[in-house]
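Open your viewer and get ready to select residues by number.

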Amino acid sequence: MKEQRAFRSFMEIALEEARAAAARGEVPVGACLVMAGEVVARAGNRTRELCDPTAHAEVLVIREACGAQGSERLPGADLYVTLEPCPMCAAAISAARVARLYYGAADPKSGGVAVGARVFSHPQCHHVPEVYDGIGGTEAEGLLRAFFAGRR
C-alpha cells in the first residue's frame, strides 16, 4: 500500500502576497509555487506597478520558478493562488505543466477554471492540473471585497 503524506497548505503565503499587493494599490491577489515541499516563488499582482497586463500573481510565480528551475515546465509543482485564475493564467498553468492548483475565492466574473472559459475543460488544453478550490476562500474574498469597497 502506498503511504500518503499529510497535506500542508501554503495558502497563508499567497494571502500574505495578496495583502502586500493591496498595500501597493494592486488588486489583492497573491500566489506561491511549491516544489518538493519548498516555496520556490511567491508574488502578488503587479499589473499597475509594472504597467503590464500580464503581471498577474500566477504568471509572475510561474516565470520566477521556471527561471530558477531552468525549464519552461514545472512538473510536480503546487500552485497556491488566492483567487480563481483567469483564462490567461489558467492557460499559463497548463503550459507550465503545474501538477496541482489550489485556489481560494471563486471568480464568477473573470474566472477561467470553474466558470467562464473553463480552460482546463477545453479539448485543446494539453495539460490539466488537479484543482482544489475554496482553500482560504473566506479570507481571500474578504480582502477583495474590502479592496473594491474602498475604491467605490
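In which helix does Glu12 lie? Select Glu12: the answer is helix α1. Helices here are DSSP runs of H or I with at least four residues, strands are runs of E with at least two, and both are numbered from the N terminus.

Before going on, two notes. This is a predicted model, in which local features need pLDDT of at least 70 and side-chain atom pairs count only at pLDDT 80 or more, while totals for chains, interfaces and linings use all residues. Residues are numbered from 1 along each chain as its sequence is written, and side-chain values use heavy atoms, with hydrogens and water left out.

**Stop 1: around α1**

Stay on Glu12. Its relative accessibility is 38%, so Glu12 counts as partly exposed. The scale runs like this: buried is under 20% relative accessible area, exposed is over 50%, and partly exposed is in between (1.4 Å probe, protein chains only). Glu12 and Thr82 are 70 residues apart in sequence, yet their C-alpha atoms are 9.2 Å apart in space.

Next, select Arg24. You are now in the loop between α1 (11-23) and β1 (30-35). Arg24 has a relative accessible area of 32%, so this residue is partly exposed.

**Stop 2: a strand residue**

Select Ala43 in strand β2 (residues 38-44). Is Ala43 buried or exposed? Ala43 counts as buried, because its relative accessibility is 9%. Ala43 and Leu143 are 100 residues apart in sequence and 16 Å apart in space, C-alpha to C-alpha.

**Stop 3: two positive phi angles**

Select Cys51, in the loop between α2 (47-50) and α3 (57-69). Its phi is near 50°, a positive value in a residue other than glycine. Cys51 counts as exposed, because its relative accessibility is 71%.

Now jump to Arg118. This residue lies in the loop between β4 (100-105) and β5 (130-133). Arg118 is not a glycine, but its phi is positive, about 45°. At 42% relative accessibility, Arg118 counts as partly exposed.

**Stop 4: a helix pair**

Two packed helices are described by the angle between their axes and the distance between the axes. Show α3 and helix α4 (residues 87-95) together. They pack at an angle of about 25°, with their axes 9 Å apart. Axes are lines fitted to C-alpha atoms, for helices over the stretch in contact, and angles run from 0 to 180 degrees between N-to-C directions. α3 and α4 are therefore roughly parallel to each other, a label for angles under 35 degrees. Their crossing is left-handed: the near helix is turned anticlockwise from the far one by less than a right angle.

While you are here, pick Ala95 in helix α4. Ala95 has a relative accessible area of 45%, so this residue is partly exposed.

**Stop 5: the largest pocket**

How much space lies in the largest pocket? About 610 Å³. Its lining has 23 residues, and the closest to its centre are Val27, Leu83, Asp107, Leu144 and Phe148. Select those five. (A pocket is an open set of points on a 1 Å grid over the protein atoms alone, where a 1.4 Å probe fits, with protein on both sides within 12 Å along at least five of seven lines; lining residues have an atom within 4 Å of a point. The volume is the space filled by probe spheres set on the points, which are joined across faces, edges and corners.)

Finish on α5 (137-151), which with α2 is one of the elements that each supply at least two lining residues. The largest share, four residues, comes from α5.

Definitions and conventions. Parallel < 35°, antiparallel > 145°, perpendicular 65-115°, else oblique.
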